[in-house]
Amino acid sequence: SNRLTMKTTGKYVVAALRGSDEIAVMSQGDPSGADPVAELELLARIPVGDAASDSPRDTALTNDHSRAYVTLSNSGKVAVVDMIAMRQVDVDPVVDGTNQIALPAGARPFWIEIDPQDQFAYVSDELQPSIYVIDINPRSPDFNKSIRTISLPAAQTPHGLRQLAISEDGHKLYAAAPNRILYGGPTISTSYIHVVNIDPNDRPKTEANPKKYWKLIGSVATGQEAYGVQTTGDPNVIAIANRGSDSEGFGVLAVQNQDPKNFSATVRHVPLHLGSAQDTLDVNNATSALILPADALKSAIGPH
């Protein structure tokens, strides 16, 4: 299924449509309204990319809701959509055609996340142990350019990366690194959640980088085929979805030390099966987790 990028204070729900090389833009509505479904409406289908099959995978909205960034897995690029004009942006008007943000040669972009300050977008690579950094600050001379590749340990990232999550305080970037693919055996015994320091307060002003800005600060072991990572409302807690084993399908990563020079965290797993591990009447092959705010959960389940 396609990922929906939702902003609770914004206007839109945005989804990548892989088969048609478009993104869908829908009205968000009011989840606590009398009829929330009736308020949902398809507003636009916006073409992205420029090839026969760019295969858009994921979307991320800037926090001011003016732009959407879309990973194009087949072409190794990231498209930019003007959410006011509802059309794709040409990021390089000097070159003929409608141009997208080019990633390094061989890139296969998967997930994308934007930091709370709308300064940088982070893109995971589906095949390589790499996270690409895109400058999205309109005042920067490198606006809408890929400016850095964060390299992760290949031995702990045998099948590339999947979902990314940025902690609510904007200080840490979490990346799921599966140890296997769905129908294959494990390449290594366990998956990992890689943690990168992206705290803007730790960005060095000289060549020295004592607090490891844009560097790996920790790799935390988790279950089989880690796929999803999601914030929880607490910067010290990240939810994990492991697709390859229902007995450890949901995980909770708890940070004990946020110091980038001494980062530490542990993971606890919760099984998703209701009875026997062979039972199919339960949650199978989890790929994502969503933590609802307390007020939204109360509204959804009602008084009890």
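Residues are numbered from 1 along each chain as its sequence is written, and side-chain values use heavy atoms, with hydrogens and water left out. Because the model is predicted, local features need pLDDT of at least 70 and side-chain atom pairs count only at pLDDT 80 or more, while totals for chains, interfaces and linings use all residues.

A pair of aromatic rings is described by the distance of the centres and the angle of the planes. A search of the whole structure finds four aromatic pairs. Here, rings of Phe, Tyr and Trp (its six-membered ring) pair if their centres lie within 6.5 Å; planes under 30 degrees apart count as stacked, over 60 as edge-to-face and the rest as tilted. Strands are DSSP runs (E, at least two residues), numbered from the N terminus. Both Phe-110 and Tyr-227 are buried, where buried means under 20% relative accessible area, exposed over 50% and partly exposed in between (1.4 Å probe, protein chains only). Another pair, Tyr-213 with Trp-214, is stacked, at 4.8 Å centre to centre and 25° between the planes. Tyr-213 and Trp-214 are likewise buried.

Phe-110 forms one aromatic cluster with Trp-111 and Tyr-227. Arg-162 lies over the face of Phe-110, 5.9 Å from the ring centre; this placement requires NZ of Lys or CZ of Arg within 6 Å of the ring centre and within 35 degrees of the ring normal.

On a 1 Å grid over the protein atoms alone, a pocket is an open set of points where a 1.4 Å probe fits, with protein on both sides within 12 Å along at least five of seven lines, and lining residues have an atom within 4 Å of a point. Among its lining residues are Asp-50, Lys-77, Asn-99, Ile-101 and Phe-143.

Turning to backbone angles, most residues other than glycine have a negative phi. Asp-118 has a positive phi near 55° and sits in the loop between β10 and β11, buried at a relative accessible area of 12%. Glu-225 also has a positive phi, of about 55°, and belongs to the loop between β17 (216-222) and β18; Glu-225 counts as buried because its relative accessibility is 1%. Pro-109, in strand β10, is buried at 0% relative accessibility. By contrast, Ala-154, in the loop between β13 (145-151) and β14, is exposed, with a relative accessible area of 53%.

Technical notes:
Helices (H or I, at least four residues) and strands (E, at least two) are DSSP runs, numbered from the N terminus.
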